[in-house]
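Here is a short tour of one protein chain, written to be read alongside the model.

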Amino acid sequence: RKLKTQTSTAMAGEDGGKGGKGGKGGKGTASDKKKRAPQSRSSRAGLQFPVGRIHRHLKVRVSRHGRVGATSAVYMAAI
């Protein structure tokens, strides 16, 4: 007796995301890349106190090779 085997034919663009056109990623045009002006961490957090300066001074005083969490300086500037 013959067994029927089901063969699936992949349509164009449905080959598991390999090859082909379309999709995400790739190089954009120059109009896609809009540069923003640099924004300080103080203004991003809505603070008047300098977050970057506090972060720098915290890194000097810590014993773990200058490793300080990014949000610790924001917290210190806020209190």
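## A word on patches

A surface patch here is built from residues with over 30% relative accessible area and no salt bridge, and nonpolar side chains are joined into one patch when they lie within 5 Å. Please keep in mind that this is a predicted model.

## The nonpolar patch

With that in hand, look at Tyr 75, Met 76 and Ile 79, which together make a nonpolar surface patch of about 360 Å². Tyr 75 sits in helix α3, which covers residues 70-78. Is Tyr 75 buried or exposed? Its relative accessible area is 54%, so Tyr 75 is exposed, given that exposed means over 50%.

## The chain as a whole

The protein chain has three helices and zero strands, and reading along the sequence gives the pattern α-α-α. Of its 79 residues, 8% are buried. The accessible surface of the chain comes to about 8,100 Å², and carbon and sulfur atoms account for 53% of that area.

## Ser 42 in helix α1

Now turn to helix α1, residues 41-45, where you will find Ser 42. With a relative accessible area of 11%, Ser 42 is buried, because the cut-off for buried is under 20%.

What does the side chain of Ser 42 reach? It comes to 2.9 Å from the backbone nitrogen of Val 51. Leaving aside residues up to four places away in sequence, Ser 42 touches Leu 47, Phe 49, Pro 50 and Val 51.

## Val 74 in helix α3

Helix α3 also holds Val 74. This residue is partly exposed, with a relative accessible area of 25%. Although Val 74 and Ser 42 are 32 residues apart along the chain, their C-alpha atoms are separated by 7.6 Å.

Which residues does Val 74 touch, again not counting those up to four places away in sequence? They are Ala 45, Leu 47 and Val 51.

## The buried face of helix α2

Val 51 brings us to helix α2, residues 51-61, in which Val 51, Ile 54 and His 55 are buried. Seen down the axis of α2, these buried residues fall within an arc of 100°, so they line one face of the helix. Their cover includes α1 and α3.

Definitions and conventions. Residues numbered from 1 in each chain as written. Predicted model: local features only at pLDDT ≥ 70, side-chain atom pairs only at ≥ 80, totals over all residues. Heavy atoms only, no water. Patch = residues over 30% accessible without salt bridge, like charges linked within 9 Å, V, L, I, M, F, W, Y side chains within 5 Å. Areas by Shrake-Rupley, 256 points an atom, 1.4 Å probe, with all protein chains shown as cover. Salt bridge = Lys/Arg side-chain N within 4 Å of Asp/Glu carboxyl O. Helix = DSSP H or I, 4+ residues; strand = E, 2+ residues; numbered from the N terminus. Buried < 20%, exposed > 50% of the residue type's maximum accessible area, 1.4 Å probe, protein only. Polar contact = N/O pair within 3.5 Å; in protein donor to acceptor, adjacent residues only side chain to side chain. Contact = heavy atoms within 4.5 Å. Arc of directions from axis to C-beta.
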